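Q: Can you walk me through this one? I would like to go feature by feature.

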Amino acid sequence: MKRSPSEIKLEQMLRSSKLVAGGFMGNDPRTPEEIIRDDAAALQRLGRTAAEIAQRMRTLTNTARAALGNWVEAEGKYRLRSEEWKGMLICPWPHPGQFEKRLTACRRLDTGEEIVWSDLNIHLIEAHGFFEGKGSPFRLEPETLVRILF
């Protein structure tokens with residue numbers, strides 16, 4: 001199927017590093033549509049939705065924010081920390097979307113596994129089903145998110 005001009009333009013934006021260092025696609029040869037489709041299939045196999053994952057990430061981010069940059073334990077199974085910087089991150093999709101420059105680290109106490117995400121990651125997952133391309137510095141694997149967050 002032929003891709004629309006808007007799909008091509010979005011891919012060019014995602015592959016560039018104008019909005020975020022390294023771009024959103026990494027070295028992934030797939031199109032954004034293919035990445036989204038493949039990650040949606042992974043979520044279906046895992047029995048979770050992008051909305052559930054984003055809500056869980058947001059809840060843990062809010063818990064970490066309250067600790068003002070310090071590590072905090074939550075729910076008896078997580079160690080969390082949130083760090084913030086000045087400025088905003090812009091969503092690459094063509095709609096208004098600005099997100100604080102914040103990283104949240106989440107470590108499972110029972111396994112020691114850790115994952116880090118930004119507020120923009122939460123939005124990209126929730127609004128666009130986009131976990132970023134393979135090789136991207138902020139790629140979040142659906143399997144890893146489900147394993148750590150639930």
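A: What follows is a short chat about a few local features.

A: This is a predicted model, in which local features need pLDDT of at least 70 and side-chain atom pairs count only at pLDDT 80 or more, while totals for chains, interfaces and linings use all residues. Residues are numbered from 1 along each chain as its sequence is written, and side-chain values use heavy atoms, with hydrogens and water left out.

Q: OK. How many aromatic pairs does the structure hold?
A: The structure holds one aromatic pair. Trp93 and Phe130 form it, edge-to-face, at 5.4 Å centre to centre and 65° between the planes. Rings of Phe, Tyr and Trp (its six-membered ring) pair if their centres lie within 6.5 Å; planes under 30 degrees apart count as stacked, over 60 as edge-to-face and the rest as tilted.

Q: Where are Trp93 and Phe130 in the chain?
A: Trp93 is in the loop between strand E2 (78-90) and strand E3 (98-108), and Phe130 is in the loop between H4 and H5, 37 residues apart. Helices (H or I, at least four residues) and strands (E, at least two) are DSSP runs, numbered from the N terminus.

Q: Is Phe130 buried or exposed?
A: Phe130 is buried, with a relative accessible area of 1%. Buried means under 20% relative accessible area, exposed over 50%, partly exposed in between (1.4 Å probe, protein chains only). Trp93, at 14%, counts as buried too.

Q: New topic. Which residues is Ser136 in contact with, leaving aside neighbours within four places in sequence?
A: Those are Gly23, Phe24, Met25 and Gly26, where contact means heavy atoms within 4.5 Å. Ser136 lies in the loop between helix H4 (119-128) and helix H5 (142-149).

Q: What about Glu75?
A: Glu75 is not a glycine either, and has a positive phi of about 60°. Its place is in the loop between strand E1 (72-74) and E2.
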